[in-house]
Amino acid sequence: MKADSRAREMEVAALSKELKVVEWNEWFDMKRFLEILLPEINLIKTGNKWNAFSYSSLVYIQPDFLYECAKRLATEKKVIDMILLKVSNKQEAIKKVVESLREARMLSADLGETKWGRSYEIQSERFRKRMFLIPLKIDAFGVLPHEIERRKEGYLETIQRVVPARK
């Protein structure tokens, strides 16, 4: 399967003069990846949707958003990577991003050495929600934590507690 994916990458790259096939570690730019994530933290979108929020010393990110940011970075770098092109590889791609974050020591200790995300219980006075999220250290973004916190809006401001969910 890997050989087949690699062959497809080469075919697509051959058809496009702009795209190139490059190994993950050569094109995945952690600094730029975090720059893509940053503006979305604590931002409420239409329908009360959010992609990432901060609480205490962590930023909790939805896995699909992590995937979309990796795709955006690949597009910026003009890189073709089958792990990002095939929706059936989405979970594998998210794990690849998480592994890069782990190597850079940007993940919360909550995840340990093997998990790529976990369920958390988000609590406020008005709601209690359980979600599968990926926790990053807030200081990974190179911005003072209070600058990220003060961008909170809507119900994200009412979060009182985020704890690992019990099984």
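**Ground rules**

I am working with a predicted model, so I kept to its cut-offs: local features need pLDDT of at least 70, side-chain atom pairs count only at pLDDT 80 or more, and totals for chains, interfaces and linings use all residues. Residues are numbered from 1 along each chain as its sequence is written, and side-chain values use heavy atoms, with hydrogens and water left out.

**Entry 1: backbone angles**

I began with phi, since most residues other than glycine have a negative one. Ser56 is not a glycine, yet I found a positive phi of about 60° there. I placed Ser56 in the loop between strand E2 (52-55) and strand E3 (58-61). For the record, helices (H or I, at least four residues) and strands (E, at least two) are DSSP runs, numbered from the N terminus. Is Ser56 buried or exposed? Ser56 counts as exposed, because its relative accessibility is 55%. The scale I used calls a residue buried under 20% relative accessible area, exposed over 50% and partly exposed in between (1.4 Å probe, protein chains only).

Lys78 is another non-glycine with a positive phi of about 60°. I found Lys78 in the loop between helix H4 (63-76) and strand E4 (79-80). Its relative accessibility of 38% makes Lys78 partly exposed.

**Entry 2: salt bridges**

Side chains of opposite charge can pair when their charged atoms come close. How many salt bridges does the structure hold? I noted ten, where a salt bridge is a side-chain nitrogen of Lys or Arg within 4 Å of a carboxyl oxygen of Asp or Glu.

I looked up the pair Lys77 and Asp29, whose closest N and O atoms are 3.5 Å apart. Lys77 sits in the loop between H4 and E4, and Asp29 in the loop between helix H2 (24-27) and helix H3 (30-37), so this pair ties together parts that are 48 residues apart in sequence. Lys77 is partly exposed at 30% relative accessibility, and Asp29 is partly exposed at 28%.

Next I checked Glu35 and Lys31, which form a salt bridge at 3.0 Å, N to O. These two are four residues apart in helix H3, so about one helical turn separates them. Glu35 is partly exposed, with a relative accessible area of 36%, whereas Lys31 is exposed at 59%.

Glu40 and Lys45 also meet in a salt bridge, at 3.2 Å, N to O. Glu40 counts as buried at 17% relative accessibility, while Lys45 is partly exposed at 38%. I also noted that salt bridges with shared partners join Lys31, Arg32, Glu35, Arg72 and Glu76 into one network.

**Entry 3: helix H4**

The 14 residues of H4 should span 20 Å, and the end C-alpha atoms are 20 Å apart, which agrees. The buried residues of H4 include Phe65, Leu66, Tyr67 and Leu73. After H4 comes Lys78, with its positive phi near 60°.

**Entry 4: a pocket**

Which residues line the second largest pocket? I wrote down Arg102, Arg105, Met106, Leu107, Ser108, Ala109, Gly112, Glu113 and Lys137. On a 1 Å grid over the protein atoms alone, a pocket is an open set of points where a 1.4 Å probe fits, with protein on both sides within 12 Å along at least five of seven lines, and lining residues have an atom within 4 Å of a point.

Technical notes
Expected span 1.5 Å × (residues − 1).
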